[in-house]
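Let's take a walk through a protein together, one stop at a time. Have a look at the picture first, and then we'll start with a question.

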Amino acid sequence: MKTEKIAILGHPIKHSLSPKMHNYWLKELRINGKYEAIKTSVRNLGKTIKKLNRHGYKGVNLTIPLKEKALKYLDRKDRLVNITGAANVLIFSKQGQIEGKNTDVYGFKKSLINLVKNKKRETAIVIGGGGAARAVLCVLIQMKYKKIILCNRTRKKAELVKRNFIEKFSSNLKTHIICKNLKDIKENVKEASLLVNTTPMGMKKFPSLNIDIKDLKTNSTVFDLIYNPLETKLIKESKKNGIKNTNGLDMLMYQAQKSFYYWLNKTPRVTNKLKKILEKEIK
Ligand code: NAP
C-alpha cells in the first residue's frame with residue numbers, strides 16, 4: 001500500500017505543531033501517510049526540495065524565512081504567492097513540477113471572519129511588515145477595510161509593502177494604506193476597530209508589544225498571530241479590557257487544513273478536540 005509522504009521544512013523545526021495536526025488528520029481520514037519535520041536551512045532548501053520531490057513526496061510546508069526563499073524553485077505560483085511574496089505550501093506534481101501556494105491568507109481570513117461579522121470595516125492597525133503582514137493585508141483589502149495603518153519597526157519596509165500592493169492591485173486597491181513607525185502607533189489606536197499583531201513580539205525570547213489598547217474603538221477586535229504562548233501580553237490586556245480577541249492557533253489550523261487539501265484532495269476537520277490537543281502541546 002502506498003504511503004503518502006509530506007513534510008515541514010525549517011530551522012528550528014523541533015517544536016512545530018504541524019506534524020501533530022497533519023498526522024492526526026491522516027489517521028482520522030484513514031490515509032496511509034506520514035508528515036515529518038525536516039530540519040532545513042536556507043542553504044539546503046533547494047537541494048532538500050528537489051530530493052523530496054524526486055522521492056515521491058506530495059509536497060511540503062515551509063516556515064520563516066523559507067516561505068520567501070523558496071520562490072526561486074517554483075515552476076508555478078498562484079496569485080496569492082505573487083502578492084504576498086511567500087509560499088507556505090509547495091505541491092509536487094506527478095511530473096515533478098513544483099507549485100507554490102499561500103494558505104496563510106486563507107487561515108487568517110477563516111479565523112477573522114466570524115470575529116468581525118456585522119462590524120463596520122473602517123480602520124485596522126496591522127503591526128509588522130513581513131510575509132505574515134502581507135497575508136493579513138490581502139485579507140483586509142478583500143474584506144474592504146477602508147483604511148489600514150501599517151506599523152513596522154522599520155518604516156521603510158512597510159512603505160515597500162505598500163508600494164508592492166499598489167502595483168499588484170493597481171486601480172482595484174480601494175483601501176487607503178498609511179505607513180508608520182511602530183513607536184508612533186499610539187496616536188492612531190483610537191481610530192481603529194481591529195488591531196493585528198504579525199510580528200514575533202510577545203513570543204518567548206522576544207519583548208512584548210507595549211500598546212495601550214484601551215483606546216481602541218468600542219467593540220474592537222484584537223488578533224495576535226502568535227500562538228506560543230497561547231496568551232501573550234496583548235491577549236491578556238485584551239481580555240482585561242473586555243476586547244474580543246484571538247491568538248493565532250485557529251489561523252494555524254486553517255492554513256494547515258487548506259494545505260492538506262492541496263496535497264490530498266480531502267478537507268480535514270478543524271475541531272475543538274484538535275485545538276485542545278494542540279493547546280496541550282503548547283502548555
Ligand atoms: P518576517 O517576514 O520575518 O517578519 C517579521 C516582522 O516582525 C518584521 O516586520 C519585523 O520588523 C518585525 N519584528 C521582528 N522582531 C521584532 C522586534 N523585536 N520588534 C519589533 N518588530 C519586530 O516573519 P513573518 O512571516 O511575517 O511572521 C511573523 C510572525 O507571524 C511570526 O511570529 C510567525 O510565527 C507568525 N505567523 C503565524 C501564523 C499562524 O498561522 N498563526 C502564520 C504566519 C506567521 P522589521 O521589518 O523591522 O525587521
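Does Glu 28 count as buried, partly exposed or exposed, and what is its relative accessibility? Glu 28 counts as partly exposed, because its relative accessibility is 31%. Here buried means under 20% relative accessible area, exposed means over 50%, and partly exposed is in between (1.4 Å probe, protein chains only).

Some ground rules before we go on. This is a predicted model, in which local features need pLDDT of at least 70 and side-chain atom pairs count only at pLDDT 80 or more, while totals for chains, interfaces and linings use all residues. Residues are numbered from 1 along each chain as its sequence is written, and side-chain values use heavy atoms, leaving out hydrogens and water.

Glu 28 has a partner: its side chain meets that of Arg 269 in a salt bridge, 3.0 Å from N to O. Arg 269 lies in the loop between α9 and α10 and Glu 28 in helix α1, so the pair ties together parts that are 241 residues apart in sequence. A salt bridge, by the way, is a side-chain nitrogen of Lys or Arg within 4 Å of a carboxyl oxygen of Asp or Glu. Arg 269 is exposed, with a relative accessible area of 52%.

Now for helix α1 itself, residues 18-28. Helices (H or I, at least four residues) and strands (E, at least two) are DSSP runs, numbered from the N terminus. Among the buried residues of α1 are Met 21, His 22, Tyr 24 and Trp 25. What covers the buried residues of α1 includes β1 (4-10), β2 (33-39), β3 (59-62), α9 (249-264) and α10 (272-282). After α1 comes Arg 30, with a positive phi near 55°.

Back to charged pairs. The count comes to 15 salt bridges. In another one, Lys 147 pairs with Glu 191, and their closest N and O atoms are 2.7 Å apart. Lys 147 sits in strand β8 (residues 147-152) and Glu 191 in the loop between β9 (176-181) and β10 (194-197), so this pair links parts 44 residues apart in sequence. Glu 191 is partly exposed, at 26% relative accessible area.

Lys 214 and Asp 212 also meet in a salt bridge, at 3.4 Å from N to O. Elsewhere, salt bridges that share partners join Arg 76, Asp 78, Glu 99 and Lys 101 into one network.

Terms used. Contact means heavy atoms within 4.5 Å.
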